[in-house]
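Good morning, and thank you for coming.

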Amino acid sequence: MTHSRRLGAGSLGSLLLLAACNPQPSAQQSTAGAPATATGSVRTPSAPMPTSTAFGKTTDGTEARLFTLTNAHGMTVAISNYGGTITGIQVPDKNGKTGDVVLGFDAVSGYQSPAFLKSGPYFGALIGRYGNRIKAGKFTLEGKSYSLATNNAPNSLHGGKQGFDKKIWTATPARSTDGQSLTLKYLSKDGEEGYPGALDVTVVYTLTDDNGLRIDYTATTDKATVLNLTNHAYFNLSLGQSKDVLAHEVTLPADRYTVVDATLIPTGELRPVKGTPFDFTTPHAIGERIAQVPGGYDHNWVLNTTTGQHSAATVYDPASGRTLEVRTDQPGVQFYTGNFLDGTLTGHNGTVYGKHAGFCLETQHFPDSPNQPKFPTTELKPGETYHTATTYTFGVRK
Ligand code: BGC
């Protein structure tokens with residue numbers, strides 16, 4: 001079954017291990033050398049902590065912070081406590097030249113500008129409570145009907161009007177044997193955006209020395225609820241060099257995808273990709289067949305493997321030589337090719353983000369699962385612990 005988010009004995013063990021590997025030092029420990037622990041999880045007494053810098057004030061006057069994780073190869077990942085947003089990922093290309101590979105802004109104001117909020121691209125943000133759409137913002141759970149905030153007429157998208165992407169999370173930087181990490185916590189109140197149950201969410205970003213960015217999502221609730229957490233990073237492995245990602249070659253190990261209606265809600269049909277422009281079971285350039293897909297790719301692929309950590313996507317950019325491998329325990333991946341980007345947003349280094357400037361690989365349960373009894377369940381009950389993990393690993397091919 002695909003309910004990998006429900007903890008069995010084995011996954012509880014891995015969660016405990018995860019907790020042991022992510023010691024959360026006090027403020028004093030965070031600046032001094034951390035002491036060795038019984039678990040041996042502290043890397044070395046002199047291993048550096050992630051850095052923290054100002055990221056500007058939010059519109060309500062809160063100081064946002066930007067944390068930068070660095071690994072042994074000099075790869076860096078910048079994450080804000082505003083929305084848990086990945087604002088930058090610096091990795092080398094085939095010539096060893098480091099460059100940014102995600103769309104983003106230099107200050108929190110970029111993420112709160114009227115143009116950004118109007119177009120709603122969710123650059124790099126943590127998405128919750130529910131990644132992607134819920135039809136008409138309505139669902140029934142344990143005999144009760146719920147109405148969510150609708151923000152993508154007529155549906156609810158990415159958690160509603162004030163989703164997790166727009167919240168300030170409590171952030172704790174740390175270091176462990178796995179690498180530098182940032183733990184983000186957010187308590188979503190019962191009824192927030194219409195969702196039942198107070199939801200206690202923890203997301204841990206860990207940058208490993210094999211150039212992997214692992215994201216661990218954990219949550220508990222005090223009432224039965226639904227959730228589908230993901231990250232909305234837009235990748236362009238030639239950012240600043242290529243204005244779009246059409247030459248990137250993508251592989252998706254998925255024989256089927258979820259067919260959608262005109263408002264991008266799944267009809268329930270899982271359609272074979274064979275013989276269609278949705279067939280990425282072998283590598284294809286994004287631009288090769290995109291003209292045959294009205295609007296561009298914005299669909300959920302049904303991953304062939306649903307147990308354990310499995311591949312969700314592989315990407316190769318011939319121009320930079322960079323590669324991206326996505327692994328997850330989730331049953332689906334939303335492959336979205338930045339179809340709604342229209343050049344109204346300008347990000348890092350003055351780069352204008354036009355149509356197809358980036359692509360997203362949002363690991364997830366299928367859209368609108370609360371209304372689709374045949375899809376893997378997204379329900380979480382009191383006493384259960386939701387846990388999923390996704391890793392984005394970067395490399396080069398020469
Ligand atoms: C959705 C798109 C949407 C984008 C930005 C994606 O996950 O599938 O339809 O435009 O997020 O909001």
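Two sentences on the source are needed. Residues are numbered from 1 along each chain as its sequence is written. The model is predicted: local features need pLDDT of at least 70, side-chain atom pairs count only at pLDDT 80 or more, and totals for chains, interfaces and linings use all residues.

Let us begin with two of the annotated residues. Ala233 lies in the loop between strand 16 (230–231) and strand 17 (249–251), and Tyr234 is in the loop between strand 16 and strand 17 as well. Strands here are DSSP runs of E with at least two residues, numbered from the N terminus.

Is Ala233 buried or exposed? Ala233 is buried, because 26 other C-beta atoms lie within 10 Å. The term buried requires 20 or more other C-beta atoms within 10 Å of the residue's own, exposed means 12 or fewer, and partly exposed is in between, with C-beta atoms placed from the backbone. Tyr234 also counts as buried, with 26 C-beta neighbours inside 10 Å.

Contact means that the C-beta atoms of two residues, placed from the backbone, lie within 7 Å. Leaving aside residues up to four places away in sequence, Ala233 touches Ile86, Val102, Gly124 and Cys360. With neighbours within four places likewise set aside, the contacts of Tyr234 include Val102, Phe123, Gly358 and Cys360.

Finally, consider strand 4 (residues 86–92). Of its 7 residues, 5 are buried, so strand 4 is largely enclosed by the rest of the structure. Strand 3 (residues 76–80) runs antiparallel to strand 4, and 4 bridges join them; strands pair if DSSP finds at least two bridges between them. Val77 stands opposite Ile89 in strand 4. These two strands form a hairpin with 5 residues between them, and Gly83 in the turn has a positive phi of about 70°. Strand 4 also pairs in the antiparallel sense with strand 5 (residues 98–100), over 3 bridges, where Gln90 stands opposite Asp100.

Conventions: Helix = DSSP H or I, 4+ residues; strand = E, 2+ residues; numbered from the N terminus.
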